[in-house]
Amino acid sequence: MNNFQKNKLIDHSFKILGMLFTFLGILILAILIYNIVKVGYTRINWTFLTSLPSRKPENAGIYTAIIGTLDLMLLTVLFAIPVGVGAGIYLEEYAKKSKLSSLLEINISNLAGVPSIIYGLLGLGVFVRFFNFGGSILSGSLTLSLLILPIIIVATREAIKAVPHSLKEASFALGASKWQTIKNVVLPSSFGGILTGIILSLSRAIGETAPLIVVGAMAYVPFVPQSIFDTFSVLPMQIFNWTTRPQQGFAIAAAGAIIVLLLITFVMNGIAVYFRNRWQKKLQ
Amino acid sequence: MKKLVFIISLAIVAISCGEKKDQKSELTGAISIDGSGTVFPVSEAVAEEFLKVEPKVRVTVGESGTGGGFKKFGTGVTDISAASRDIKGKEIELCEKNGIEYLQLTVALDGITVVVNKNNTWAKTMTTEELKKLWEPNSSVAKWSDIRAEWPNEDINLYGPNTSHGTYDFFTEVIMGESGASRTDYNAVADYNIVVQGIEKDVNALGYFGLSYYEENKDKLSVVGIDNGAGAVIPSIETVASNEYAPLSRSLFIFVNKKSAQRPEVETFINFYLDNAPQLSKEVGYVPMLQSGYDAQKAAFSKVLVKK
């Protein structure tokens, strides 16, 4: 075997190895989904979606948990987007390369890696106790906004970085100011990327349980929140509660709730992909 | 025909519900309950039924654990705190510091159950001394034969709740004589269904948890009778209610903020709780007290109200 053949063989083996690892991820996801759907599909119907939690597994539903999750996500988006995107634009477009800005950058990257329970404790101290918002949907969403803020900032910066320099320079050459350039050129062309980042960060937030337990999400809430100061429950909380119950029926209900949560996540990711593709086409 | 009967009975229920609403002056307000995850199913069941009688009272139930619940209760955040053990010194201090007076009510009983694999043919009974030897800190027991010489010379694999559970506090307190004193080289889990799965698959495994987890998994696990010097007793609804299953029978409590209790919706809810706990606690897998026990709780509660 000469050198050429040897290299070719190594090349080929590596390709197969890489392929195996890629399929491993998909396989695990497939097994997970298969197992859950197998157990839970019987529970997915309109009654399940519109019923209150119950001690009887066959009557238990996820109405308040779904509404709680959707409300919480909506508020989280409202708080996190302006701050996150604003910070991203500042860091990428305005901040001068200095010690301060590199300090900020390191801190934001570090924040992205802080365990979510720590954010929960922060939320408990700041929003629940200090601002006295209590265990409300407001405290919960503010806490989750903090949690996803670093992800949105990083995604915004990456998206802005990807905007071709030629476009910006063309805008400046036409006499546009910095803000005009950002508003008319940078943001529209990076919008797809920013949106993808936001939705992916929401996909993380939607599955969070630990920080919400700390902040005060309840496991049994038989009413839909009327205001942002109401107590609330969320899907992961309901799932957690059901999986720890002794009755087999609750395991089935939990599987049903997991399917719903996965569906919401998939739909959100689908929207992200759709917008990214649309904006990329528009840009071209 | 069946369908018709069902529809008619539904209609009757609907009509009778409607009547109730008309007759009673409807209560409003909010009641917040938090605390033990063990007591959660009972409170959830009571809240669920209460909603049918008083639909305008908003009852929420959390499960941040006995300790986590007392932290909120002691600062006046919640009206009722559920607990699977007694209140501790520090928690009492917190209540005193914030001027919170409370009443402790027993709502149901539970038996801590020791379980082994279905194919375990030897461990049918154990004495409390053997349990102590097995679970004490730095225990020398590594094999089944270390407990009794005639048992197999095989490694024993232990499962139990982690330190955040009231069940852990109670078991260690009763068996070791000191709350929290336990060997640490066991599979400590947050979710009892993991204990069930672990023991189901391993003939040499042993673990402990609340009675309801055994009752729901009788076909998968074997129970160990506990001998406290007067012969081995198997935990069951009867032996726990009569406290024959000693010392591993325990009470489940709710702590009521006395100030909150003066609110009409809380007063009604607590009485409703005690009236329905015998039936509902059984439904969710716990053991009800004898009726005289509930009567005593109601009497104690009514005294709190008189003090107004």
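How many residues does the contact take from chain B, and how many from chain A? It takes 24 residues from chain B and 18 residues from chain A. The structure discussed here is a predicted model.

**The contact between the chains**

- On the side of chain B that touches chain A, the elements that give two or more residues are helix H2 (40-53), strand S2 (57-61), helix H7 (192-200) and helix H8 (211-215) of chain B.
- The element that gives the most to this side is H2(B), with 7 residues.
- Sorted by class, the side of chain B that touches chain A holds 10 nonpolar, 7 polar and 7 charged residues.

**The make-up of chain A**

- Chain A contains 11 helices and 0 strands, and its pattern along the sequence is accordingly written α-α-α-α-α-α-α-α-α-α-α.
- The C-alpha trace of chain A spans about 65 × 65 × 35 Å along its principal axes.
- Of the 284 residues in chain A, 38% are buried.
- When contacts in chain A between residues at least 6 apart in sequence are considered, 75% join residues at least 24 apart.

**Helix H6 of chain A**

- Helix H6 of chain A covers residues 137-161, a total of 25 residues.
- From its first C-alpha to its last, H6(A) reaches 35 Å, which is close to the 36 Å expected at 1.5 Å a residue.
- Because 23 of its 25 residues are buried, H6(A) is largely enclosed by the rest of the structure.

**The domains of chain A**

- Chain A is divided into two parts, domain 1 (3-43) and domain 2 (47-283).
- The C-alpha centres of domain 1 of chain A and domain 2 of chain A are 30 Å apart.
- Where these domains meet, 7 residues of domain 1 of chain A are in contact with 8 residues of domain 2 of chain A.
- The side of domain 1 of chain A that touches domain 2 of chain A comprises 4 nonpolar, 2 polar and 1 charged residues.

**A recorded domain in chain B**

- An unreviewed UniProt entry lists residues 26-275 of chain B as "domain: PBP".
- Over residues 26-275 of chain B, the chain is 34% helix and 26% strand, and the end C-alpha atoms lie 19 Å apart.

Key
Residues numbered from 1 in each chain as written. Chains lettered and ligands numbered in written order. Predicted model: local features only at pLDDT ≥ 70, side-chain atom pairs only at ≥ 80, totals over all residues. Contact = placed C-beta atoms within 7 Å. Helix = DSSP H or I, 4+ residues; strand = E, 2+ residues; numbered from the N terminus. Nonpolar A, V, L, I, M, F, W, Y, C, P; charged D, E, K, R; others polar. Buried ≥ 20, exposed ≤ 12 C-beta atoms within 10 Å, placed from the backbone. Expected span 1.5 Å × (residues − 1). UniProt positions renumbered as here; feature names shortened; annotations may be inferred. Domains from an automatic or database assignment.
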